[in-house]
Amino acid sequence: MDNRADLRVNMDEEERYFVRFPCSDNIWFKLFLNAEDEQNSHVELLSKTRGNIYCNKAGWRSWYGGERTDFNINSEWQCEDDGKFMILEVVKTSDYVALKNRGNTLYTKEFGSRDGNCYKRTERLTTQVWEYEGSLSLAFSSTEEEATEEATEEATEEATEEA
């Protein structure tokens, strides 16, 4: 599938993902928040007004081995200052997942004892986009990237001192 990305991530307790897309478009996309060898959960946005959160190994395991929670978004989305793009922020911890736009919470799901793998830390991030040809951007912070930057700076300093 052409509209898919698969990335290894090393996240802190509070994971943050940012999806940027045009204000004028409706986009159907999914963020898979995976362990190394299995899916933990996913966040799927079907439109600007509805979506779902899936927890693998949750509940009665009646939907692909887990449980899906459908939700509606009743809040108005706000475009960025440029008036062309908007950003969905997905915040995930071991206790909840929240969807936000410009600081406003659109939806929150708190995890309970029957929410299977949803509480687990993400190790791989996969995206999937359906029927969309426009501009879509994904950003996230990763402790692995920060550690790599620090290691590079130290290596540069050591190399400079040796020369």
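## A buried glutamate

A residue is called buried when its relative accessible area is under 20%. In this predicted model, Glu44 has a relative accessibility of 6% and therefore counts as buried. Glu44 belongs to strand β4.

The side chain of Glu44 makes a polar contact of 2.7 Å with the side chain of Trp28. Once neighbours within four places in sequence are set aside, the residues in contact with Glu44 are Trp28, Phe29, Lys30, Gly51, Asn52, Phe71 and Trp130.

## Salt bridges

Nine salt bridges are found in a search of the whole structure. One of them joins the side chains of Glu14 and Arg16, with an N to O distance of 2.9 Å. Glu14 has a relative accessibility of 34% and counts as partly exposed. Arg16, at 25%, also counts as partly exposed.

A further salt bridge links Lys57 and Glu38, whose closest N and O atoms are 3.0 Å apart. Lys57 sits in the loop between β5 (50-56) and β6 (66-72), and Glu38 in the loop between β3 (28-34) and β4 (39-45), so this pair ties together parts that are 19 residues apart in sequence. Lys57 is partly exposed at 37% relative accessibility, and Glu38 is partly exposed with a relative accessible area of 27%.

Arg68 and Asp70 form another salt bridge, in which the closest N and O atoms lie 2.9 Å apart. The relative accessibility of Arg68 is 35%, which means that Arg68 counts as partly exposed. Through shared partners, salt bridges also join Glu14, Arg16 and Glu89 into one network.

## The five-stranded sheet

Five strands make up an open sheet in the order β9-β8-β7-β2-β11, with antiparallel pairing. The edges are β9 (104-110) and β11 (137-140); each has a single partner strand, so one side of each is left without a neighbour in the sheet. On average, neighbouring strands of this sheet are turned by 15° against each other, direction ignored.

In general, strands of a sheet pair through backbone hydrogen bonds, in either a parallel or an antiparallel sense. Here, strand β2 (residues 15-22) pairs with β11 in the antiparallel sense over four bridges. Val19 stands opposite Leu138 in β11.

Note on methods:
Residues are numbered from 1 along each chain as its sequence is written. This is a predicted model: local features need pLDDT of at least 70, side-chain atom pairs count only at pLDDT 80 or more; totals for chains, interfaces and linings use all residues. Side-chain values use heavy atoms; hydrogens and water are left out. A salt bridge is a side-chain nitrogen of Lys or Arg within 4 Å of a carboxyl oxygen of Asp or Glu. Buried means under 20% relative accessible area, exposed over 50%, partly exposed in between (1.4 Å probe, protein chains only). Helices (H or I, at least four residues) and strands (E, at least two) are DSSP runs, numbered from the N terminus. A polar contact is a pair of N or O atoms within 3.5 Å; within protein, one must be able to donate a hydrogen and the other to accept it, and residues adjacent in sequence count only if both atoms are side-chain atoms. Contact means heavy atoms within 4.5 Å. Two strands pair if DSSP finds at least two bridges between them. Axes are lines fitted to C-alpha atoms, for helices over the stretch in contact, and angles run from 0 to 180 degrees between N-to-C directions.
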